[in-house]
Amino acid sequence: MYTDLEAISSYKKEIDKLNSKIEQFTDLIDHTFEALIEVNDNKKILYANLEACLLLNVSKEDILTSKLSDFLWNIPEDVLSYQDKMIVEKGTYKDEWIVQLSSGEKKQVEFIGFSYGNREKIAYKLRDVTAERVHMQERIMTTQMFLDVFNKAVDCIVIYDKQGVIIDANDAFCKTLILDKPELVGKKIQDFIPISQQNTWKRSLEKVLSSGTSTGEIEMNPAGGKIRFEYSTSSNIFNKLNMSIFRNVTEKEIIEKKLKKSEQIFSELFDQTMDAIVFWDENGVIFRVNDSACKIFESKREHLLGRHISTYVHKKDKRFKAMVSAFHQKGEVRDELLYKMANGQIKLLELTSKMHSSEGYNITIFRNVSERWRIEKELRKSEKKFRKIFEGSLDGMILWNQTNFADINEIGANILELTKEKLLSTTVDEILEKIPENTSKLNSHIENVMQIGMDKTIIPITFGHGKIKYLEFSTRKNLYSDLHLTIFRDITENLELQEQIRKSDTLNVVGELAAGIAHEIRNPMTALKGFIQLLQDSVTEDFSNYFNVITSELKRIETIITEFLVLAKPQAMRYYKQDLNGIMRETVELLKAQALLHNIQFQASFEEEEFFLYCEGNQLKQVFINIIKNALEVTDDGGLVYIKVKREDAEHVRISIKDEGVGIPEEKIKKLGEPFYTTKERGTGLGLMVSYKIIEEHKGYVEVESQEGKGTTFHILLPLKFDYEEL
């Protein structure tokens, strides 16, 4: 009996111990961070830990009265049955549910189900994956959006690695470069960038590496020609790839050039016209004037700006008030008024005013007709008072296209000795073919206009009665509505007067140089006489050395005389707008043979494709030849002569010619260009003197840099614009 009681007591202790462990285990499961629930075969929830209650947003008491299906949203029964079957057969199964909480909120839950207790009960481990699935969906949408943008973008997009190897490119880039994607992938993006742009692209990639992004402009050379892009490059820190977005701005640049050209045409007409042009606002205050206005009103620009348009009117009488009234009524007026200038001078000015109120300005064009009014008073009464700028110009003007003449002013008709009606009924070709002597030069002028958009030249025109007039033509292409404008004037008398002055100056120069030439010739002539005397005294000996000396001195005399003749001969000073780069290239090509004889190479660099300036091309070429020849003479075999043309600033261009010679001492540099000063053993100094004079006549100047033992650099600075008509 006692033994049985002990056994019962022992069993009870074991049971209590087991119950304690069960309570501990239950408490552990209740507080675990994973949500756990237990259901029977009817899906009634038998147990749920605290994390499960938190996940399903329900109390522990309420969850134990619920079924699992109470929380599932839109899960078909056959799907649940299949899931149970897989749990029973495999022992465990993983899938996802959408659960709906009592608040209406939906969550995406991942579960792992497993059976136990002879497969009569099923437990589920639950995990809230709602945020993960939303993030995954966002990534999928972002990826799809990127692919849509990448493939359908108008701009070119390229993805490449740090070495520039192309990983992918969109259709726009492939079409722009006229290549299929398989032809692009694997190639380096820098293969499509010209050498001149490689450093720019390299610096851009370095900026991407340091700051993550870079923008700029770059050129590419596909099979179809040169294309200019605006680009933006960014780096992906996760996949270590770069992405560049390119926008083709080639057409944009063309449009900008056309706009700039139109602005230039207006600016040049505004500044160079002989009539005064004044802009004033709706209150009558002057805000812009050209140089001719300053000259006509005898005032500085700052004195005119800010004044009222009627300040200088001499008498503001009824006639003046009627003119103002007519201007406000009609929006334009043409008349003549007496003006009293700041210096007290009275001038009669012909004016044309037009209102542009919508643009916020008005314009008045003045012409000083004081002298004409005094001389041609009776004639002016019979003519129209007011004329358009075209009709009133003091120069001849013609509007024309490739086939016909559209209009000509009266001055132009007089110069050409044709009536307006006859000219307008004649084609351009008929005029050119009428007198064959004129055809070639006029065609050349037209070709220059078609190629570069403008040209200015002087052409001798032979008329039907044999008379020759020298006409100065200035033509602009497509000035308005596909019409070209030619402005011309008769400068025959001016040229004759200039020629007379030039001949007179030449005689003076020859007289001044005569003494120098005689002095320079005296020494070689003395040598000639001495050696001839020796030959006469020693006829039996070998006299070949004497002849060598005589020959050398004769060549020296010939060189000196030739260079003097260049100075003495009258030079035709005609300044045309020409490409400086073209002149330099022609010079280099001319001297290539001489350079090859001494194994010397030219290294030429042109910052811009074209540098147009007004100049006398042959004279500039002579300057370049003189300086480059000097560089070739002092450079050793196998050396280099460096030539660089670049923009110095907005108004000047710099031409640098550098040799690898022995250099020139500082004290000798100051004397370069002086008559008869030279650093060469048998030079005369005339070449540099002529060169300095030519550059001076072009309103430029020469700078010389030199380091003994390293070489010399001649810098020639020329203005891009200057008033060549004054030269």
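Buried here means under 20% relative accessible area. Keep that cut-off handy, and remember that you're looking at a predicted model.

**Stop 1: the cysteines.** Select Cys156. At 3% relative accessibility, this residue counts as buried.

**Stop 2: the salt bridges.** There are 27 salt bridges to browse. Start with Glu34 and Lys125, whose closest N and O atoms sit 3.9 Å apart. This pair links distant parts of the chain, 91 residues apart: Glu34 is in the loop between α1 (2-30) and β1 (35-39), while Lys125 is in strand β5 (residues 121-128). Colour by accessibility and both come up partly exposed, Glu34 at 41% and Lys125 at 29%.

Next, pick Lys354 and Glu332, a salt bridge with 3.3 Å between the closest N and O atoms. Lys354 belongs to strand β14 (residues 346-356) and Glu332 to strand β13 (residues 332-340), so the bridge ties together parts 22 residues apart in sequence. Lys354 is partly exposed at 39%, and Glu332 is partly exposed at 39%.

Then go to Lys420 and Asp407, bridged at 3.1 Å. Here helix α17 (residues 420-424) supplies Lys420 and strand β17 (residues 405-408) supplies Asp407, 13 residues apart. Lys420 is partly exposed, at 30%.

**Last stop: a network.** Select Lys94, Glu96, Glu110, Arg127, Glu132 and Arg133 together; salt bridges link them in a network.

Note on methods:
Residues are numbered from 1 along each chain as its sequence is written. This is a predicted model: local features need pLDDT of at least 70, side-chain atom pairs count only at pLDDT 80 or more; totals for chains, interfaces and linings use all residues. Side-chain values use heavy atoms; hydrogens and water are left out. Buried means under 20% relative accessible area, exposed over 50%, partly exposed in between (1.4 Å probe, protein chains only). A salt bridge is a side-chain nitrogen of Lys or Arg within 4 Å of a carboxyl oxygen of Asp or Glu. Helices (H or I, at least four residues) and strands (E, at least two) are DSSP runs, numbered from the N terminus.
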